[in-house]
Amino acid sequence: GTKKKLILSKSFLLEKKEHTLSLLRPPPFTTTMVISKAASESDLSVHSTFASRYVRVSLPRFKMPENSIPKDAAYQIINDELMLDGNPRLNLASFVTTWMEPECDKLIMDSINKNYVDMDEYPVTTELQNRCVNMIAHLFNAPLGEGEAAIGVGTVGSSEAIMLAGLAFKRKWQNKMKAQGKPHDKPNIVTGANVQVCWEKFARYFEVDLKEVKLEDGYYVMDPEKAVEMVDENTICVAAILGSTLNGEFEDVKRLNDLLVEKNKETGWDTPIHVDAASGGFIAPFIYPEIEWDFRLPLVKSINVSGHKYGLVYAGIGWVIWRNKEDLPEELIFHINYLGADQPTFTLNFSKGSSQVIAQYYQLIRLGYEGYKNIMENCQENTRVLREGLEKTERFNIVSKEIGVPLVAFSLKDSSRHNEFEISEHLRRFGWIVPAYTMPANAEHVTVLRVVIREDFSRTLAERLVADIEKVLHELDTLPARVTAKLAATAEGEGSSGHKKSPMEVQLEITNVWKKFVAEKKKTKNVIC
């Protein structure tokens, strides 16, 4: 009986197994199907960013949001808003580099998390900075002995470099006046009215009187004779510009040096020169080596240059080089040891990225003298193409000089119907960003447009820009001169009550109104953004 029960149980189990297998087998002449399910709302991995709620909900603009959002949504929102920025390659207002080789881009990203100030932790980065300082010092003909190290430092740009150089001049002058028992509370600096705003910042922030040489109509740089006349016993230095922001022209540093040498002999002073070579420092050595502007001149004690301009590095790097160790007072240098070792530092800031220093070293060894020379010659040639194209229109006066920074500054011959601000505004429709601005004191009635020629501005783009300017001129010619004519009529009407205003005064008033109009428009845009 027991044996019979075991046989029946085994048979039952076999039948049950066969039944179960039959349920799993697909029926004959049918295909296997995968059963899908609808994704839940919480399953973000299958959501498209543009299908999520984040692109239809307005995020707070001036306060931190309460809740987190996915990383892809944050990226897309920011990336989409940045599309409304101008194209950096078509930003012809800026001297700053907008293109570098992919290999250098990779070096920048690889070192983006290194803090430049941690010299003990990143000794190779510090060594690369020192190499850059010495390369640039030799480029500027610093009087270095065999094996002697150059004196200089990397900065975030020429503004910081100028602040440091100015502080060195001020402290050295103060020490001299104290030693002579003379007042040392009213230092001044002599510059041209064409200097960049960072000089005004230095004067205001560090309580130095800024004595500006006024410009003249047709002469838009500092006059050396007038500059030396303004020098007195309290002048800490005279600042010369190698590449004016307004028209790219090099100031005559050699003439300034010779005149100042004579005045120093007559007075017993030792007034020095600083050269602001922010734009021209990486141009003159390669295509104008015969021009004496650097440490070949005995009174030039310090030079600043922007690595992120014609040094061909992205924004964020500048350099200041001193003639020798005596020109940088020791008391301005700080020594710290809380990062692992004794570290000298002379900067206005502390922490900053290492990427731009490494990028500068890359460009110096990658291009060498030959490479920089070729690039600057290309920029010079493309400047010539643009200048000749504008001259052929017979509508413009060229304000810039052929020797100087590769740029073209130009103004309308006849601005009675339309002016330079209108041309600038209309060119934005084609993507071009070309600034229009007025000259400084004594030349305010002159309005110019300026196109900066950088490494990535090709001959094709130069020819295209000329064509687009001609289109804008044709369009403006077909429009009534509503705004300009009304302003001119208003200006003349106001003058009728007293004296009749000259054409120059009328033009100046029109220009001032346009400046206010552009400023208000920018202010409105800032509020919207």
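Trainee: Which residues line the largest cavity?

Mentor: In this predicted model, the lining of the largest cavity consists of Phe-95, Thr-97, Thr-98, Trp-99, Lys-309, Tyr-310, Leu-312, Arg-454, Glu-455 and Asp-456. By class, these divide into 4 nonpolar, 2 polar and 4 charged residues.

Trainee: What makes this space a cavity, and what volume does the largest cavity have?

Mentor: The name cavity is given because a 1.4 Å probe fits at its points but cannot get out. The volume of the largest cavity is about 70 Å³.

Trainee: How many cavities of 30 Å³ or more are there?

Mentor: The count comes to 2 cavities of 30 Å³ or more. The second largest cavity has a volume of about 30 Å³. Its lining is formed by Met-222, Asp-223, Pro-224, Ala-240, Glu-251, Asp-252, Val-253 and Leu-256. Here the classes are 5 nonpolar, no polar and 3 charged residues.

Trainee: Why is Cys-132 called buried?

Mentor: A residue is called buried when its relative accessible area is under 20%. For Cys-132 the value is 0%, and therefore Cys-132 is buried. This residue is found in helix H4, which covers residues 123-139.

Trainee: Which residues does Cys-132 contact, leaving aside its neighbours within four places in sequence?

Mentor: With those neighbours left aside, Cys-132 is in contact with Trp-319, Val-357, Gln-360, Tyr-361 and Leu-364. The word contact is used because heavy atoms lie within 4.5 Å. As for distance, Cys-132 and Val-153 are 21 residues apart in sequence, and their C-alpha atoms are 9.1 Å apart in space.

Trainee: How do you know whether Gln-129 is buried or exposed?

Mentor: The cut-off for buried is under 20%, and that for exposed is over 50%. Gln-129 has a relative accessible area of 6%, so Gln-129 is buried. Gln-129 also has its place in helix H4.

Trainee: What does Gln-129 touch, not counting residues up to four places away in sequence?

Mentor: On that basis Gln-129 touches Tyr-116, Val-153, Gly-154, Trp-319 and Val-357. Gln-129 and Tyr-361 are 232 residues apart in sequence, yet 7.5 Å apart in space from C-alpha to C-alpha.

Trainee: What makes the second largest pocket a pocket, and what is its volume?

Mentor: The term pocket applies because the set of points is open, whereas a probe in a cavity cannot get out. The second largest pocket has a volume of about 570 Å³. Among the 23 residues that line this pocket, the closest to its centre are Asn-130, Ile-151, Gly-152, Val-153 and Pro-344. Two or more lining residues come from each of H4, strand S1 (151-155) and strand S9 (343-345). The largest share, 5 residues, is given by H4. The lining divides into 14 nonpolar, 7 polar and 2 charged residues.

Trainee: How are two packed helices described?

Mentor: They are described by the angle between their axes and the distance between the axes. For helix H11 (residues 420-427) and helix H12 (residues 459-478), the axes come within 10 Å and cross at roughly 120°. H11 passes H12 in a right-handed crossing.

Trainee: Which residues make the contact of H11 with H12?

Mentor: From H11 they are Glu-422, Ile-423, His-426 and Leu-427, and from H12 they are Asp-468, Ile-469, Val-472, Leu-473, Glu-475 and Leu-476. This contact has 6 nonpolar, 1 polar and 3 charged residues.

Methods
Residues are numbered from 1 along each chain as its sequence is written. This is a predicted model: local features need pLDDT of at least 70, side-chain atom pairs count only at pLDDT 80 or more; totals for chains, interfaces and linings use all residues. Side-chain values use heavy atoms; hydrogens and water are left out. Axes are lines fitted to C-alpha atoms, for helices over the stretch in contact, and angles run from 0 to 180 degrees between N-to-C directions. Helices (H or I, at least four residues) and strands (E, at least two) are DSSP runs, numbered from the N terminus. A crossing is left-handed if the near helix is turned anticlockwise from the far one by less than a right angle, and right-handed if clockwise. Ala, Val, Leu, Ile, Met, Phe, Trp, Tyr, Cys and Pro count as nonpolar, Asp, Glu, Lys and Arg as charged, and the others, Gly among them, as polar. Buried means under 20% relative accessible area, exposed over 50%, partly exposed in between (1.4 Å probe, protein chains only). On a 1 Å grid over the protein atoms alone, a cavity is a set of points where a 1.4 Å probe fits but cannot get out, and a pocket is an open set with protein on both sides within 12 Å along at least five of seven lines; lining residues have an atom within 4 Å of a point. Grid points are joined across faces, edges and corners, and a volume is the space filled by probe spheres set on the points.
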